[in-house]
Amino acid sequence: MEYLISSILFLLGLLFGSFYNVVGLRVPQGESVVLPPSHCRSCGHRLGPLDLVPVLSFLLRKGKCHYCQAKVSPLYPLMEGLCGLAFVLVFVKHGWSAETILGLLFVSMLVIVSVSDLAYRLIPDKITLPALALFLILRFWIHPDQPYWMHLLAGVVGFGLFFLLTVLSRGGVGGGDIKLFAVVGLFLGLPLLALAIFLSALLGTLFGLGLMLLRGGGRKTQVPFGPFIAAGSLLAYLAGDSILDWYLRLFF
Ligand SMILES: [Zn+2]
């Protein structure tokens, strides 16, 4: 039974991931997420059902548009696959519970803001602010690990910390990142927020170093931070307890 539900959730995650690609690309442009129907971003040709199967279409068409042969970004299938995987992992961790619903919403928001940030270096308020409002309400009832006020406090800490960092670094962190950390804090609560910040910074730094080694580029390469916040937060949410356990046993 668990396998069946996991498989269904994986497929759902792929489908939703495909939709979130569209949302993440269109919302910052002020476009509707339903109209016009999906089309190639190069030639504008409307995409048929065979072009819209998550991951498989990309593989089938060898990463090119069927109509104009323009290259399609591998980020599309990657985001779809990750969304499917994350949906399953949320269910594996929380099973049949209200927390699973919240977890799926959290994953959804993280995928959308990652797509926007990768495409435009922008985390849209139109996604983070409704998410903030939604979790503010839902966390009031659903907070299995810690009291509601700790979620609230973590939201304030997430916002405050990065607001301060932005002021001190004179704009080194984007405004979108600050609001995203407010949502992440509110959602994860206190101990996990600290871990999420640490993991985001670690992943971002490792990626930046790798890029510098590969490209030999200087400091000019600008990497959007949003996807790393998303990855770090998701990792903290799904494996935070194990990571903290392991860490504490290492030192105490
Ligand atoms: Zn095309």
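Helices, as I use the word today, are DSSP runs of H or I with at least four residues, and strands are runs of E with at least two, both numbered from the N terminus. Lys 62, for instance, sits in the loop between H2 and H3.

The model is predicted, so local features need pLDDT of at least 70 and side-chain atom pairs count only at pLDDT 80 or more, while totals for chains, interfaces and linings use all residues. Residues are numbered from 1 along each chain as its sequence is written, and side-chain values use heavy atoms, with hydrogens and water left out.

I begin with the metal site. Which atoms coordinate the zinc ion? They are the SG atoms of Cys 40, Cys 43, Cys 65 and Cys 68, at 2.3 Å. A donor here is an N, O or S atom within 2.8 Å of the metal (3.2 Å for Na, K and Ca); water is not among the atoms, so sites may look incomplete. The angles subtended by the four donor atoms run from 104 to 119°, and the arrangement is therefore tetrahedral; for four donors, that term requires all angles to lie between 85 and 135 degrees. Along the chain, the donors follow the spacing C-x2-C-x21-C-x2-C. Cys 43, in the loop between helix H1 (2-26) and helix H2 (56-60), and Cys 68, in the loop between H2 and helix H3 (75-94), are 25 residues apart and link distant parts of the chain.

On accessibility, buried means under 20% relative accessible area, exposed over 50%, and partly exposed in between, with a 1.4 Å probe and protein chains only. Cys 43 is partly exposed because its relative accessibility is 36%, and Cys 68 is partly exposed at 32%.

I turn to the backbone. Most residues other than glycine have a negative phi, and most peptide bonds are trans. The bond from Leu 35 to Pro 36, however, is cis, with omega near -5°, and Pro 36 lies in the loop between H1 and H2. Lys 62 has a positive phi, near 55°, and counts as exposed because its relative accessibility is 71%. Arg 121 also has a phi near 55°; its place is the loop between H4 and H5, and at 48% relative accessibility it is partly exposed.

Finally, helix H5 covers residues 125-141. Which of its residues are buried? They are Ile 127, Thr 128, Ala 131, Phe 135 and Arg 139. Among the elements covering them, by contact (heavy atoms within 4.5 Å), are H1, helix H4 (98-120), helix H6 (148-168) and helix H7 (175-188).

Terms used
Four donors count as tetrahedral if all angles lie between 85 and 135 degrees; four count as square planar and six as octahedral if opposite donors are over 155 degrees apart and all others between 65 and 115; anything else is irregular. The expected span of a helix is 1.5 Å times one less than its number of residues.
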